[in-house]
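The sequence and model come first, then the details.

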Amino acid sequence: MSEAPARILLVDDEESVRLTLEAVLRQEGYDVATAGSGAEALRSIREDRFDLLLTDLRIDEIDGLTLLAAAQKRDPETVSILLTGYASLESAVQALRHGAFNYLLKPCNIEEMKLTISRGLEKKKLAEALRERVVELERAYETIRTFNAQLEDKVKMATAELAERVRELQESRGRLDAVIDSMQDGLLFYGRDGRVLRANAFMLSLFSTAAGEILGRQAEEVAAITGEPPLPLDKPGLVLQSLDEPVEAAIFEIERPRKRFVRRITSPVIGEGAPVTGMVVIYQDITDQKEVEQLKDDFLSIASHELKTPLTSIMGYTQLLNRRLPAESRKLGSEDVIDVIETQCRRMKRLVDDLLDVSRIERGALQTSQSVVDLGALTRDVAQKLEATSPAHQFRLLLPEDRVTVWGDEDRLEQVLTNLISNAVKYSPDGGAVEIRLSRDGETAALSVQDWGIGIPAEQQAQVFSRFYQAESVVRSRRFGGMGLGLFISKAIIDEMGGTISVDSTVGQGSTFRFTLPVYRE
Ligand code: ADP
């Protein structure tokens, strides 16, 4: 787009001058308006807009300075050039002071005039460009100021949020510290490098040590102070990833500062993406619990021993009566009193024997005699004996043709077989089959006893081998009797002989108890 030509107001009362200059200026491509009097010039200035005022200094009663003032008032950037003779040079200087761009002496040199006009317009253009730049700059500055203010707001908000987070973190850390320090268990926290980061008050007092002794130490160094068994570490640092179970528990005894039993529970701290980032070790003082257990075991042992002596004597005398008393004096109604006493005494002896066995197991004194045992023959004997007293059940005995022998205590194995088979009978109260199967797989002998009775709920199966454990339904119904010791004792016996024992059962469909033992090569 081509620029519009600059607009010039030419004021001179001498018509010839006016016409000449107008012609020259038009030729230069300017858009020229003329005025022959001060009044005419003032009107033009008021009504029109000019880039440049070229005026004679002396016109009539309204002089060039007045026009200059009017033009500047209308547009301060109007370029004013005054034409003057020598006589009024002083006034021209004054005009310059009032903001005129320049003055030209009359008669004026045309080239000089052209040059002065084009310089004046150039200056005006520059001034305008400058003003635009200033406006632009001001706008940019304003934008920056706004941005700055917004940024400041954001920084303020973020800072406040951060402060809030820090406060929350400090609070939750404070809570955690309170929990850790008031815990009635000892706690050690190992960091990623395998060194102790944190030890709580209970841990320090349990092992009578100080934070300075423990912090920064590795597990082996800590063990030397506490007297605990070594931790299951992969290497001197810590990597518990090799643990099958994510948590390890150990019980140990310490002598210092006084005799205590301690249970240690170790678990790895798993970070994001499952690498081990640390380790937590909890120490529980279980001395009181151990003492109570010891008291219980002592009581059990004393009570069962004390019961056994009178019972043995009652049984002896009952056998004597059995032999000596004539049949008619043993009857009470239709019942043979001596038989009843004998049966009940045998039951009581079994209970007392079980209690004694439990206290032996607790003391680690379940001694088993060692001999070669023909497991097939033993199973047959026990099954036959029990079959005679279980008329409602059909026994199926599946024995291999070849002898299966194991090394162990025959009486104890008889006890296990009796327990498993009589349980199968007892817990299938509506009768049914009892299948006893002996097999050999390489170096392992396996004996299973299966029934189609009440079964055991899956979540209780793991506990049936625990001391005094009876399934809930059995406890509730009270119809089966027993103390929940048979399987506990059986497991201890099989463990002692290097075997395994397990159960597979479905409620309402029956159970299969199975034990394995290493085969004895004759
Ligand atoms: P007891 O038979 O004296 O209760 P045991 O130690 O022999 O004690 O058995 C423990 C518990 O296991 C029983 O009380 C019973 O709940 C359950 N149990 C054992 N054998 C069977 C079985 N064959 N069928 C169903 N439940 C059984």
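## Residues with positive phi

Phe-468 counts as partly exposed because its relative accessibility is 39%; buried means under 20% relative accessible area, exposed over 50%, and partly exposed in between, with a 1.4 Å probe and protein chains only. Phe-468 sits in the loop between α13 (458-461) and α14 (472-477). Its phi is near 60 degrees, a positive value in a residue other than glycine. Helices (H or I, at least four residues) and strands (E, at least two) are DSSP runs, numbered from the N terminus.

Ser-208 also has a positive phi, near 50 degrees, in a residue other than glycine. The loop that holds Ser-208 runs between α6 (201-206) and α7 (211-214). With 43% relative accessibility, Ser-208 is classed as partly exposed.

## Basis of the model

This is a predicted model, in which local features need pLDDT of at least 70 and side-chain atom pairs count only at pLDDT 80 or more, while totals for chains, interfaces and linings use all residues. Residues are numbered from 1 along each chain as its sequence is written, and side-chain values use heavy atoms, with hydrogens and water left out.

## Around the ligand

There are 22 residues around the ligand, and Asn-423, Tyr-427, Asp-451, Gln-470 and Leu-487 come nearest; a residue is near a molecule or strand if one of its heavy atoms lies within 4 Å of it. The shell is made up of twelve nonpolar, eight polar and two charged residues. In this grouping Ala, Val, Leu, Ile, Met, Phe, Trp, Tyr, Cys and Pro count as nonpolar, Asp, Glu, Lys and Arg as charged, and the others, Gly among them, as polar.

A polar side-chain atom of Asn-423 is 2.8 Å from an oxygen atom of the ligand, and one of Lys-426 is 3.1 Å from an oxygen atom of the ligand. On the backbone, a polar atom of Gly-486 lies 3.2 Å from a ligand oxygen atom. On its own the ligand has 530 Å² of accessible area, of which the protein covers 97%; such areas come from the Shrake-Rupley method with a 1.4 Å probe, and for residues only the protein chains shown count as cover. Two or more residues of the shell come from each of α12 (410-426), α15 (486-496) and β19 (510-518). Helix α12 gives the largest share, four residues.

## Cavity and pocket

The whole structure has one cavity of 30 Å³ or more. On a 1 Å grid over the protein atoms alone, a cavity is a set of points where a 1.4 Å probe fits but cannot get out, and a pocket is an open set with protein on both sides within 12 Å along at least five of seven lines; lining residues have an atom within 4 Å of a point. The largest cavity has a volume of about 70 Å³, where grid points are joined across faces, edges and corners and a volume is the space filled by probe spheres set on the points. Its lining includes Leu-9, Phe-50 and Thr-78.

The second largest pocket holds about 340 Å³ of space. Among its 15 lining residues, Glu-3, Ala-4, Ala-6, Asp-51 and Lys-125 lie nearest its centre. Helix α5 (residues 110-182) gives the most to this lining, with six residues.

Conventions: A polar contact is a pair of N or O atoms within 3.5 Å; within protein, one must be able to donate a hydrogen and the other to accept it, and residues adjacent in sequence count only if both atoms are side-chain atoms.
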